[in-house]
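Good morning. I will go through one structure today, from the whole chain down to single residues. Please have the model open while I talk.

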Amino acid sequence: MGSFVRLLAIVSSGIVLLGFGFFATDELSRGSQNQQNKLDKEVTGALVDPAPIAPTPDQEAVRERTNGTFRELVDDANDVLLGPFSGLINSKERWVTHGVPALLALLLYGFGLGTLANMLPKERETGHDWRTA
């Protein structure tokens, strides 16, 4: 059972890290586009996150058209894993709204499940006589 929990911790942490990596790559590649968006925000008063953690159906449809199959699979899994933490953060900065839930998810899934896996009882090797060791 401990091996399964450990595997679950590794897989979920990997998905969270991969999803955050995709977000960071998108944000870094936008570069000047972010500056233009900030200028537009000053003019219009609103800045929309192009990749929210818990998207509406319309945002999900746009994201599906923009991303490939693997990326969309990772984003959907990431939405599920980060869902419990997305409501805790109320910020207008995209790095905060994506980074803090990712950090909390890594703490819960990676550290928490890893610690739980280590605390679970290990299977004992039976059938060996102490005299034959």
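Let me start with burial. Of the 133 residues in the protein, 29% are buried, where buried means under 20% relative accessible area, exposed means over 50%, and partly exposed is in between, with a 1.4 Å probe and protein chains only.

Now, what you are looking at. This is a predicted model, so local features need pLDDT of at least 70 and side-chain atom pairs count only at pLDDT 80 or more, while totals for chains, interfaces and linings use all residues. Residues are numbered from 1 along each chain as its sequence is written, and side-chain values use heavy atoms, with hydrogens and water left out.

The term pLDDT is the predictor's confidence in each residue, from 0 to 100. The protein has a mean pLDDT of 82, with 81% of its residues at 70 or more.

Next, the fold. There are five helices and zero strands, and helices (H or I, at least four residues) and strands (E, at least two) are DSSP runs, numbered from the N terminus. Along the sequence the pattern reads α-α-α-α-α. A contact means heavy atoms within 4.5 Å. Of the contacts with a separation of 6 or more, 72% are between residues 24 or more positions apart.

Helix H5 comes next. With 26 residues, H5 reaches 36 Å from its first C-alpha to its last, close to the 38 Å expected at 1.5 Å a residue; the expected span is 1.5 Å times one less than the number of residues. Its buried residues include Arg94, His98, Tyr109 and Leu113. Valine 100 is also found in H5, but valine 100 is partly exposed, at 30% relative accessible area. Leaving aside residues up to four places away in sequence, valine 100 touches Ile89 and Trp95. From valine 100 to serine 86 is 14 residues in sequence and 8.6 Å in space, C-alpha to C-alpha.

Now the charged pairs. Side chains of opposite charge can pair when their charged atoms come close. A salt bridge here is a side-chain nitrogen of Lys or Arg within 4 Å of a carboxyl oxygen of Asp or Glu. How many salt bridges does a search of the whole structure find? The search finds seven.

One of them joins aspartate 26 to arginine 71, with the closest N and O atoms 2.5 Å apart. That pair links distant parts of the chain, with aspartate 26 in helix H1 and arginine 71 in helix H4 (residues 69–86), 45 residues apart. Aspartate 26 is partly exposed because its relative accessible area is 21%, whereas arginine 71 counts as buried because its value is 15%.

Another salt bridge is between arginine 94 and glutamate 27, at 3.8 Å between the closest N and O atoms. Here arginine 94 in H5 and glutamate 27 in H1 are 67 residues apart, and both are buried.

Glutamate 72 and arginine 63 also meet in a salt bridge, 3.4 Å from N to O, and both residues are buried. They belong to a network of salt bridges that links Glu60, Arg63, Glu72, Asp76 and Asp79.

That is the end of the tour. Questions, please.
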